[in-house]
Amino acid sequence: MKILAFDTSNQPLTVSLAEDNNVRRVFTTNEARNHSIQLLPAIETTLAEQQWALSDIDRIVVAQGPGSFTGLRIGVTVAKMLANTLQAELVGVSSLAVLAAQVTNPGLVVPLFNARNNNVFAGVYLNDSAVLADAHQPIDHLVTWLQTRDEPITFVGETTEFVPTLQAAFGDQATILTPADSLPDGHGIVALGLKAQPVADVAHFNPNYLRKTQAELNWLAAHPGEDNPENYVFEV
């Protein structure tokens with residue numbers, strides 16, 4: 001099985017090509033987010049370097065979220081377009097699980113993205129399985145939950161703003177990887193994409209934002225008591 005996998009969920013952009021579980025080529029850039037311009041050329045370049053045609057691809061794997069709203073929309077839209085055009089399988093995987101999968105330290109792995117205002121997108125993983133589901137939550141809530149555990153903890157992702165809080169709470173129990181050490185390596189997304197089941201309905205495959213977009217919040221503010229996604233989609 002030939003796999004094309006890509007992650008546009010945050011500033012880094014990663015494109016991977018794999019044959020079964022053998023990663024053949026990885027493209028990564030950490031330039032400022034401009035994935036709408038960069039993604040398709042990155043796919044084209046990576047395929048050319050591997051001497052594969054787009055028509056060779058059997059499965060598309062995309063980081064489904066959480067992360068940047070814009071980045072997720074770009075990645076999911078391109079993944080759906082390619083899956084439909086190529087009649088290829090489509091698989092969505094957690095952006096947080098992608099980061100967790102590349103950490104080899106023992107104990108708990110906590111991938112996190114900065115969601116602003118002392119909030120994070122985060123999950124807790126042990127041996128590649130989630131022990132606390134991905135969620136949008138205050139960093140203090142995450143810390144409180146983790147303080148009930150006695151395993152070593154590795155934090156990976158957008159950690160910079162939270163280093164003082166994490167060091168104060170966990171001391172030597174924690175290893176805090178820097179964002180530079182947390183770039184997706186192109187292997188984790190392939191491993192997860194191989195294990196996951198393809199989506200049954202490509203048309204209804206959507207990003208997993210884990211919180212409402214600003215447009216949804218604005219609509220709900222104008223329509224109190226009408227928290228119904230069908231109403232929102234119909235009117236907008």
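How much space lies in the second largest pocket? The volume is about 280 Å³, where a pocket is an open set of points on a 1 Å grid over the protein atoms alone, with protein on both sides within 12 Å along at least five of seven lines. Grid points are joined across faces, edges and corners, and the volume is the space filled by probe spheres set on the points. The second largest pocket is lined by 19 residues, of which N10, P12, G157, E158 and P179 are the closest to its centre; a lining residue has an atom within 4 Å of a point. Helix 3 (95–101) and strand 6 each contribute at least two residues to this lining, and helix 3 gives the most, with 3 residues.

The model is predicted, with local features requiring pLDDT of at least 70 and side-chain atom pairs counted only at pLDDT 80 or more, whereas totals for chains, interfaces and linings use all residues. Residues are numbered from 1 along each chain as its sequence is written, and side-chain values use heavy atoms, with hydrogens and water left out.

The protein chain holds 8 helices and 10 strands. Helices (H or I, at least four residues) and strands (E, at least two) are DSSP runs, numbered from the N terminus. Of the 236 residues in the chain, 47% count as buried, that is, under 20% relative accessible area with a 1.4 Å probe and protein chains only; exposed is over 50%, and partly exposed lies in between. Among contacts in the chain with a separation of 6 or more, 60% come from residues 24 or more positions apart, contact meaning heavy atoms within 4.5 Å.

Strand 1 (residues 2–7) runs parallel to strand 4 (residues 59–65), and 4 bridges join them; I3 stands opposite R59 in strand 4. Strand 4 is mostly covered, with 7 of its 7 residues buried. Strand 4 pairs with strand 5 in the parallel sense over 6 bridges, and A63 stands opposite V93 in strand 5.

The end C-alpha atoms of helix 2 are 26 Å apart, in agreement with the 26 Å that its 18 residues should span at 1.5 Å a residue; the expected span is 1.5 Å times one less than the number of residues. Buried residues of helix 2 include F69, G71, L72, I74 and V78. G71 counts as buried because its relative accessibility is 4%. Beyond its neighbours within four places in sequence, G71 is in contact with T8 and H35. The C-alpha atoms of G71 and S36 are separated by 8.0 Å, although the two are 35 residues apart along the chain. Helix 2 is followed by Q87, which has a positive phi near 55 degrees.

Another open sheet of 5 strands has the order 8-7-6-9-10, again with mixed pairing. Its edge strands, strand 8 (129–138) and strand 10 (174–176), each pair on one side only, and the twist averages 20 degrees from one strand to the next. Strand 6 (residues 108–114) and strand 9 (residues 153–157) pair in the parallel sense over 5 bridges, with P111 opposite V156 in strand 9. Helix 4 (residues 139–146) lies across strand 6, strand 7 (119–126), strand 8 and strand 9, and runs at about 150 degrees to strand 8. Helix 5 (residues 163–170) packs on the sheet and touches strand 9 and strand 10; its direction makes about 165 degrees with that of strand 10.

Notes. Pairing = 2+ DSSP bridges. Axes fitted to C-alpha atoms, helices over the stretch in contact; angles between N-to-C directions. 1 Å grid on protein atoms, 1.4 Å probe; cavity = no way out; pocket = protein on both sides within 12 Å on 5 of 7 lines; lining within 4 Å.
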